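Let's take a walk through this structure together, one piece at a time. Have a look at it first, and then read on.

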Amino acid sequence: MDFTGRRIWLIGASAGIGAALARALAGRGAQLVLSARDGDALAALARECGSARVLPLDLARAGSLDDAVRALAAEAPLDAVICTAALYDPGRVAELDPARAEAMVRVNLLGTLDVARLCPPLLRDGGQLVLFGSVAGYLGLPGGQPYSATKAAVNNLAESLAAELAPRVDVRLVCPGFVETRLTAKNRFAMPAILSPEAAAQAVLHGMGRPGFEIHFPRRFTLGMKLLRLLPYALSLRLTRRLG
Ligand SMILES: NC(=O)c1ccc[n+]([C@@H]2O[C@H](COP(=O)([O-])OP(=O)(O)OC[C@H]3O[C@@H](n4cnc5c(N)ncnc54)[C@H](OP(=O)(O)O)[C@@H]3O)[C@@H](O)[C@H]2O)c1
């Protein structure tokens, strides 16, 4: 896909896959709006990207996304809104901090739902709404609980939206395997087929340029996870129990 001159809003742009997407899209001539909570990180990234606009927001704060949407509503329509924003805290269920669990649900699920509720009117006809679920949402994995549950919900939410918003909005679901970011730096286990954020960004842009709904990568990992999901629970749970 030719991204030259495309107006794209990245929510979750200050780090990880979002920041890598910003760099890749800027390199391909897109006009970017960069959002996340960390305004300093966004400003530094915008300088790297050239003429990107910085619009800090907090998906966990009531009214914050609404304000940003109002600011963009007065401008030319967007070609895509990409939301990578999420929180992650692995651990055993008995050790869960309820406040952190609530924040994960707030940002990962309700934040994504707010993006889906408020952003479509900003898109041109046929524009893309790109939401980040995860292979962690295919099947619950030990140590993942609220994160995996929110990602299963986002996978499901994107399916609903793809049917409900078509054909005006082209909804895409991104399900990465492991990507080396501050998010996965919290993991204390081996992460097979892990990708760099740059490789992940290229896979997302490649997927956005092709027809289809789900963008999942790397296939050598994600296809195995899809197969696991298809197995009867008697088998799949026996396998995932070993991961714990
Ligand atoms: N890394 C992986 O292996 C992997 C695998 C599967 C799926 N994913 C999904 O891919 C997406 C990107 O992950 P990543 O690894 O790039 O994570 P990351 O490096 O931690 O980046 C997450 C981004 O979300 C933003 N964010 C967090 N809370 C926010 C809030 N309340 N309001 C607005 N922005 C907020 C962060 O910026 P601020 O802190 O500045 O707000 C940051 O820019 C996530 O949806 C994740 O679930 C990642």
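**Two helices side by side**

Keep in mind that this is a predicted model. Start with helix 4 (residues 98-118) and helix 5 (residues 145-165): their axes come within 9 Å and cross at roughly 10°. Angles under 35 degrees count as roughly parallel, so that is how these two helices lie to each other. Where do they meet? On the helix 4 side you'll find, among them, Met-104, Val-105, Leu-109 and Leu-113, and helix 5 brings residues including Tyr-147, Val-154, Leu-157 and Leu-161. Sort the residues of this contact by type and you get 12 nonpolar, three polar and one charged.

Now hop back to helix 1 (residues 16-27). With 12 residues at 1.5 Å each, helix 1 should span 16 Å, and its end C-alpha atoms sit 17 Å apart, which agrees. Nine of those 12 residues are buried, so helix 1 is largely enclosed by the rest of the structure. Gly-16, Ile-17, Leu-21 and Leu-25 are among the buried ones. What do they pack against? Strand 1 (7-11), strand 2 (31-35), helix 2 (39-49), strand 4 (78-83) and helix 6 (197-208).

Next up is strand 2, where five of five residues are buried. In a regular strand, side chains alternate between the two faces of the sheet. Here Gln-31, Val-33 and Ser-35 take one side while Leu-32 and Leu-34 take the other, and both faces are covered. Strand 2 runs parallel to strand 1, joined to it by five bridges, and Ile-8 stands opposite Leu-32 of strand 2.

Key
Residues numbered from 1 in each chain as written. Predicted model: local features only at pLDDT ≥ 70, side-chain atom pairs only at ≥ 80, totals over all residues. Axes fitted to C-alpha atoms, helices over the stretch in contact; angles between N-to-C directions. Helix = DSSP H or I, 4+ residues; strand = E, 2+ residues; numbered from the N terminus. Parallel < 35°, antiparallel > 145°, perpendicular 65-115°, else oblique. Contact = placed C-beta atoms within 7 Å. Nonpolar A, V, L, I, M, F, W, Y, C, P; charged D, E, K, R; others polar. Expected span 1.5 Å × (residues − 1). Buried ≥ 20, exposed ≤ 12 C-beta atoms within 10 Å, placed from the backbone. Pairing = 2+ DSSP bridges.
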